[in-house]
Amino acid sequence: MPNPTLIEHILKSQPHEAHGELSRILARLSLAGRMIAQRILNAGFLGEHGEAGSVNVQGEEQQKLDVLANEIFKRVFETLPSVNALGSEECEEIMYYPDSDRRGKYIVLFDPLDGSGNIDINGSLGSIFSVHRRRGGEGRAELGDFLQPGSRQVAAGYILYGPATVFVYTVPGQTGVNAFTLDRSVGEFFLTHRDILIPEGKGSYSVNESNEPKWTEEVRNLVASFRRGEATVGKRSARYTGALVADFHRTLLKGGIFLYPPLKDRPRGKLRYLYEASPLAMVAENAGGAASDGSLRLLDLEPRELHERCPLYIGSKADVEYAVSKLRET
Ligand code: AHG
Ligand code: MN
Ligand code: MN
C-alpha cells in the first residue's frame with residue numbers, strides 16, 4: 001500500500017469546520033510544482049535555459065524559467081476565487097486578477113524559481129510559497145494585506161526540484177514537518193518524510209564565504225568559529241549550493257545552520273522576507289528549529305515593503321541561538 005498522497009494528507013489534516021479553501025490552495029501549489037518540475041526537466045532541449053532578456057524588480061537578469069514559473073503560479077490560481085491576489089519575487093507590484101475585487105480572503109506570495117543561477121548547470125532549484133489571510137476589507141487585496149509578519153502565515157513551504165521533486169509545507173501550530181516526494185510515473189506526491197524535526201548537534205554551516213570582505217567583524221568571527229571547528233555547538237561541515245531551498249532542505253534533514261548575513265553594500269542582506277525567509281522560518285520553527293535576522297525572531301518582523309530584504313540565520317535551534325549570541329559579542 002503506497003504512502004498517503006499529498007492531497008489525502010491535506011484533506012485528513014484540515015480542521016473539520018474548514019470549508020476546504022486552504023486545502024484547495026495547497027493542492028494548486030502542488031500542481032504548480034508538478035508543472036514547473038516538468039518544465040525544468042525539458043528546458044534543455046526546448047531552448048528554455050538562459051536569460052529572458054528582462055530584468056526584475058530586484059535588478060536581476062530574469063531567466064526564461066523564472067518567467068515561465070511565475071506564469072504557472074499565476075495560472076493555477078486563476079480558477080480559484082478564494083485567492084484574491086498574488087505577490088511574486090518577479091513582479092514589482094501586487095498581481096491582481098480581473099475579478100480580484102470580487103475574490104476571497106487569501107493571498108499567496110511566492111518565489112517562483114529559487115536558485116536561478118543553478119538552471120543552466122542542472123543544479124537544484126526550488127519554489128517557495130507563503131499563504132496569508134487578508135487583514136480584512138472588501139474588494140481587491142491591498143498592500144497592507146501582504147505586509148504581514150511570518151507568524152501570521154496560514155500555510156508556508158517550498159518545492160525542491162532536485163534529483164527528486166519534494167513538496168514540503170506546514171501550517172501554524174504544527175509540530176514536525178512533512179515532506180512528499182513526486183512519483184512522476186503517476187504524477188502524485190507521496191508522503192516520504194513524516195514529522196521531520198531538525199537534528200541538533202550536527203550538520204553543516206552554509207554560507208557564501210566569498211562575501212567575507214563585505215561582512216561585519218561580528219559575522220566574520222561567527223563564521224570563522226564554524227570554519228575552525230571552534231563553535232561551542234560543535235563541529236560543522238561546510239556546504240553551499242547557491243539555492244536557498246536546497247541549502248535549507250539539507251539543513252532541515254541533517255541539521256546545522258544556513259546564513260545569509262548583511263553585506264556592507266546590502267545592509268539587510270540579499271534574501272527577501274515575505275517569500276523566502278518568512279515561509280522557511282515557519283517550516284524551521286515547526287520542525288523544532290529557529291530563524292532569526294541576527295537579533296530578532298524572524299517570524300516577528302513587520303515588513304514595510306513587498307520586496308523587503310532581511311538577513312537570515314536559520315536551522316538547528318542551538319546553532320541559531322549560538323549565532324545570535326556570538327553576533328552580540330563585541
Ligand atoms: P533567486 O534565484 O530566487 O534570486 O534566489 C537566489 C538566492 C538564494 O536561492 C540563494 O541562497 C542566494 O540567492 C545565493 O546568493 P549568492 O549567490 O550571493 O550566494
Ligand atoms: Mn530565491
Ligand atoms: Mn527566484
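This is a predicted model: local features need pLDDT of at least 70, side-chain atom pairs count only at pLDDT 80 or more; totals for chains, interfaces and linings use all residues.

Student: What are the protein donors of the manganese ion (ligand 2)?

Tutor: Donors are N, O and S atoms within 2.8 Å of the metal, and water is not among the atoms, so a site may look incomplete. For ligand 2 you get Asp111 (OD), Asp114 (OD) and Glu276 (OE), at 2.0 to 2.1 Å. Along the chain their spacing reads D-x2-D-x161-E. Aspartate 111 sits in strand S5 (residues 106-114) and glutamate 276 in helix H7 (residues 273-286), 165 residues apart, so the pair links distant parts of the chain.

Student: Are aspartate 111 and glutamate 276 buried or exposed?

Tutor: Both are buried.

Student: How many residues surround ligand 1?

Tutor: There are 18, and Asp114, Gly115, Ser116, Tyr240 and Tyr260 are the closest. By type, the shell splits into seven nonpolar, four polar and seven charged residues. S5 gives the largest share, three residues. Domain 1 (6-195) and domain 2 (204-327) each contribute at least three.

Student: Which atoms lie by the oxygen atoms of ligand 1?

Tutor: Tyrosine 260 has a side-chain N or O atom 2.6 Å from a ligand 1 oxygen. A polar backbone atom of leucine 244 is 2.9 Å from an oxygen of ligand 1, and for a polar side-chain atom of glutamate 89 the distance is 3.0 Å. Taken alone, ligand 1 exposes 470 Å², of which the protein buries 85%.

Note on methods. Residues are numbered from 1 along each chain as its sequence is written. Chains are lettered from A and ligands numbered from 1 in the order in which they are written. Side-chain values use heavy atoms; hydrogens and water are left out. Donors are N, O and S atoms within 2.8 Å of the metal (3.2 Å for Na, K and Ca); water is not among the atoms, so sites may look incomplete. Helices (H or I, at least four residues) and strands (E, at least two) are DSSP runs, numbered from the N terminus. Buried means under 20% relative accessible area, exposed over 50%, partly exposed in between (1.4 Å probe, protein chains only). A residue is near a molecule or strand if one of its heavy atoms lies within 4 Å of it. A polar contact is a pair of N or O atoms within 3.5 Å; within protein, one must be able to donate a hydrogen and the other to accept it, and residues adjacent in sequence count only if both atoms are side-chain atoms. Accessible areas come from the Shrake-Rupley method with a 1.4 Å probe; for residues, only the protein chains shown count as cover. Ala, Val, Leu, Ile, Met, Phe, Trp, Tyr, Cys and Pro count as nonpolar, Asp, Glu, Lys and Arg as charged, and the others, Gly among them, as polar. Domain bounds come from an automatic or database domain assignment.
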